[in-house]
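This briefing concerns the structure shown below, and its points are grouped by topic.

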Amino acid sequence: MGSVAFDVSHLLAGGLVLVSFMMIYQDRLYSLLNVFAAQAVVLAAAVAWQAWVQDAQHLYVTAAIALLFKAMLVPWALHRIVQRLGIHREVEAAAGVVPTMLAGMGLVALSIVLMLHLTESEDPLAREDLAFALSVVLLGLLMMVTRRNAVSQVVGFMSLENGLILAATGAKGMPLVVEISVAFSVLIAMIVVGVFLFRIRERFDTVDVGALDEFRGERE
């Protein structure tokens with residue numbers, strides 16, 4: 001049974017990394033939001049599997065939070081924001097798809113080598129999840145750095161947070177109060193993001209964060 005638990009956990013965590021690459025590859029906002037919702041579903045499945053393997057009932061709450069907020073509420077809210085802002089164009093990237101994907105593969109390789117070296121004494125199941133979780137975090141950071149559109153940067157931040165959740169559950173879970181606080185933090189973040197995006201749109205008639213740099217240069 002231990003082999004089955006390891007294989008399924010490995011498959012789900014690896015699937016999370018794969019979906020992260022799919023997010024980097026997307027060039028349209030609606031497609032990006034749909035893939036992010038798919039990533040949240042995979043995260044919920046990975047957390048639920050860890051809850052069963054570890055016999056940690058509170059992790060089922062984490063899986064439900066990920067499914068409800070990350071896979072349903074957050075994508076729906078971002079879809080509404082995109083519609084209200086009238087954004088229907090492609091995702092603006094600071095680098096091409098090929099260099100970004102190559103950089104992503106390098107980050108994944110670095111994450112696996114680093115985490116497997118630092119966690120030699122840990123349980124193999126936890127080691128694999130931590131390695132994949134760090135990969136998701138770094139890929140989320142990569143998306144934030146290489147995307148110029150504020151909405152896509154928000155998605156990158158949310159993807160990064162998905163990696164942190166996977167790391168916390170793989171390392172024998174986390175307290176329920178932390179999970180609930182994370183859910184409320186996501187809601188507050190979405191409210192702030194909505195106000196932020198509408199203000200950028202109202203002031204600059206675009207959500208390209210490059211406009212902020214130009215405005216700062218004019219002020220100086």
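Two residues are in contact here when heavy atoms of theirs lie within 4.5 Å. Under that criterion, and not counting residues up to four places away in sequence, L166 touches A13, L16, L43, A46, D129, F132 and A133. The model is predicted, so local features need pLDDT of at least 70 and side-chain atom pairs count only at pLDDT 80 or more, while totals for chains, interfaces and linings use all residues. Residues are numbered from 1 along each chain as its sequence is written, and side-chain values use heavy atoms, with hydrogens and water left out.

**Overall architecture**

- The protein has eight helices and zero strands, where helices (H or I, at least four residues) and strands (E, at least two) are DSSP runs numbered from the N terminus.
- Of the 220 residues, 49% count as buried, a class that means under 20% relative accessible area, as against exposed at over 50% and partly exposed in between (1.4 Å probe, protein chains only).
- Among contacts between residues at least 6 apart in sequence, 77% join residues at least 24 apart.
- The accessible surface comes to about 10,900 Å², of which 67% belongs to carbon and sulfur atoms; accessible areas come from the Shrake-Rupley method with a 1.4 Å probe, and for residues only the protein chains shown count as cover.

**Nonpolar core**

- A nonpolar core is a set of buried Ala, Val, Leu, Ile, Met, Phe, Trp, Tyr and Cys residues joined through side-chain atoms within 4.5 Å.
- The largest such core holds 46 residues, of which V17, M23, L43, L78, L139, V155 and L166 touch the most other members.
- The elements that give two or more residues to this core are α1 (2–25), α2 (29–54), α3, α4 (97–118), α5 (124–146) and α6, and α2 gives the most, with eleven residues.
- In soluble globular proteins, nonpolar side chains tend to be buried together.

**Helix α6**

- Helix α6 has 21 residues and reaches 31 Å from its first C-alpha to its last, close to the 30 Å expected at 1.5 Å a residue, the expected span being 1.5 Å times one less than the number of residues.
- This helix is mostly covered, with 18 of its 21 residues buried.
- S152 lies in helix α6 (residues 150–170) and is buried, because its relative accessible area is 0%.
- Leaving aside neighbours within four places in sequence, S152 is in contact with L29, L32, V91, M143 and R147.

**Salt bridge**

- A search of the whole structure finds one salt bridge, defined as a side-chain nitrogen of Lys or Arg within 4 Å of a carboxyl oxygen of Asp or Glu.
- The side chains of E161 and K70 form this salt bridge, at 2.3 Å from N to O, and the pair links distant parts of the chain, with E161 in helix α6 and K70 in helix α3, 91 residues apart.
- E161 is buried at a relative accessible area of 12%, and K70 likewise counts as buried, at 3%.

**Surface patch**

- V41, L67, L68, M72, L73 and W76 form a nonpolar patch on the surface, with about 560 Å² of accessible area together.
- Patches are made of residues with over 30% relative accessible area and no salt bridge, like charges being joined within 9 Å and nonpolar side chains (Val, Leu, Ile, Met, Phe, Trp, Tyr) within 5 Å.
- Helix α3 (residues 58–85) supplies the largest share of the nonpolar patch, five residues.
- M72, placed in helix α3, counts as partly exposed because its relative accessibility is 47%.
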